[in-house]
Amino acid sequence: MAELDELPLRARLFLRAYPWRRIRPTPWTPLRRPLAECRVALVSSAGFSPQGQEPFDATVRGGDPSFRIIDTNTPVSDLGESHRSWAFDHSGIQQDANLGFPIDRLKELQSLGEIGEVAPRHLSCMGSQTTTGRLVKQTAPDAVHTLVKDQVDLALLVPV
Amino acid sequence: MCSQTVSLVAAECERQGITTVAIQLLKLVAEAVAPPRALWVPYAHGYPLGRPHDAPGQRAVLRAALGIATVPGPGPLLIDFAPTP
């Protein structure tokens, strides 16, 4: 279970004191159609980059706010991980990238008819961002527009 | 920080007309940031869908998340995931 106590002391102290950015007012888009007809995309913050794309830059002060686009046909074995945080165990997502980017599971749910279809493109970012202004005002709006262009109905977001 | 980051991206998705469900690992963060729809999972950092290579367990998390997408608003919604023993 993810509890504060599992984290190193330095991380616990930081998280307790950090000024979290509250989402207010709460934006809300009702689901437009039954799940079995929805196009579903993934947004992962595990810091995955497909082969041929730059890894996330661990030297960016406050955290790299950029996004990578992952084509739905990219095998998870072709994803490199460059999450900069030292506060969690990386071995799980390195053994099985579906833990942080569950594309194979989503395709299985499509095969079972539980969702309409898997979106053609997905988003990847690096979640360890202590400054959020660039993400909120610049990079996320552009990245999310990619999903809008792909007529995505529903996005599932996966932190690590 | 990951839970805040995905929550902020979820909010942008909702503003652009895409329904979202954000998995969350720490209730402290989920309650402070308040993404529109969230599924709290009882797993360690680095393991948001449970165990590596546990396809049934991972699908169960996704099914729970998908179910939250159908819940009527208003948000924020924070639902606990209860794994099958």
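# Reading a two-chain predicted model

Q: Which residues of α3(B) are buried?
A: A residue counts as buried if 20 or more other C-beta atoms lie within 10 Å of its own. In α3(B), these are Q58(B), V61(B), L62(B), A65(B), L66(B), I68(B) and A69(B). They cover an arc of only 155° around the axis, so they sit on the same side of α3(B).

Q: What covers the buried residues of α3(B)?
A: Both chains take part. From chain A, the cover includes α3 (103-111) and β7. From chain B, it includes β1, β2 (37-40) and β3 (77-80).

Q: How many residues does each chain bring to the contact?
A: Count each side separately. Chain A brings 58 residues and chain B brings 54. On the chain B side, α1 (2-15), β1 (19-24), α2 (27-33) and α3 (55-69) each supply at least two residues. The largest share of that side is the 14 residues from α1(B). By type, the chain B side divides into 35 nonpolar, 15 polar and four charged residues.

Q: How many bridges join β7 of chain A to β1(B), and do they run parallel or antiparallel?
A: Look for backbone bridges across the chain boundary. Strand β7 (residues 154-158) of chain A and β1(B) run parallel and are joined by four bridges. Within this pairing, A155(A) faces T20(B) of β1(B).

Q: Which residues have the most contacts inside the largest nonpolar core?
A: The general idea: in soluble globular proteins, nonpolar side chains tend to be buried together. Here the largest nonpolar core has 67 residues. Those with the most contacts inside it are L147(A), A155(A), L156(A), L157(A), V9(B) and A65(B). The element that gives the most to this core is α1(B), with seven residues.

Q: What is V9(B) in contact with, leaving aside its neighbours within four places in sequence?
A: Beyond those neighbours, V9(B) contacts V43(A), C125(A), A140(A), V144(A) and L157(A).

Q: Where is P25(A), and which residue does a cis peptide bond join to P25(A)?
A: Most residues other than glycine have a negative phi, and most peptide bonds are trans. The bond between R24(A) and P25(A) is cis, with omega about -5°. P25(A) lies in the loop between α1 (9-17) and β1 (39-44) of chain A. In chain B, the bond between G73(B) and P74(B) is also cis, with omega about 5°. P74(B) belongs to the loop between α3 and β3 of chain B.

Q: Is A34(B) buried or exposed?
A: Check phi, then count neighbours. A34(B) is not a glycine, yet phi is positive, near 60°. A34(B) lies in the loop between α2 and β2 of chain B. With 20 other C-beta atoms within 10 Å, A34(B) is buried. Compare Q151(A), a non-glycine residue with a positive phi of about 55°. Q151(A) sits in the loop between α4 and β7 of chain A. Q151(A) has 10 C-beta neighbours inside 10 Å, so Q151(A) counts as exposed.

Q: Which residues does R22(A) touch, not counting residues up to four places away in sequence?
A: R22(A) touches A32(B), V33(B) and A34(B). R22(A) is in the loop between α1 and β1 of chain A. With 13 C-beta neighbours inside 10 Å, R22(A) counts as partly exposed.

Technical notes:
Residues are numbered from 1 along each chain as its sequence is written. Chains are lettered from A and ligands numbered from 1 in the order in which they are written. This is a predicted model: local features need pLDDT of at least 70, side-chain atom pairs count only at pLDDT 80 or more; totals for chains, interfaces and linings use all residues. Two residues are in contact if their C-beta atoms, placed from the backbone, lie within 7 Å. Ala, Val, Leu, Ile, Met, Phe, Trp, Tyr, Cys and Pro count as nonpolar, Asp, Glu, Lys and Arg as charged, and the others, Gly among them, as polar. Two strands pair if DSSP finds at least two bridges between them. A residue is buried if 20 or more other C-beta atoms lie within 10 Å of its own, exposed if 12 or fewer, and partly exposed in between; C-beta atoms are placed from the backbone. The arc is that of the directions from the helix axis to the C-beta atoms. A nonpolar core is a set of buried Ala, Val, Leu, Ile, Met, Phe, Trp, Tyr and Cys residues joined through C-beta atoms within 7 Å.
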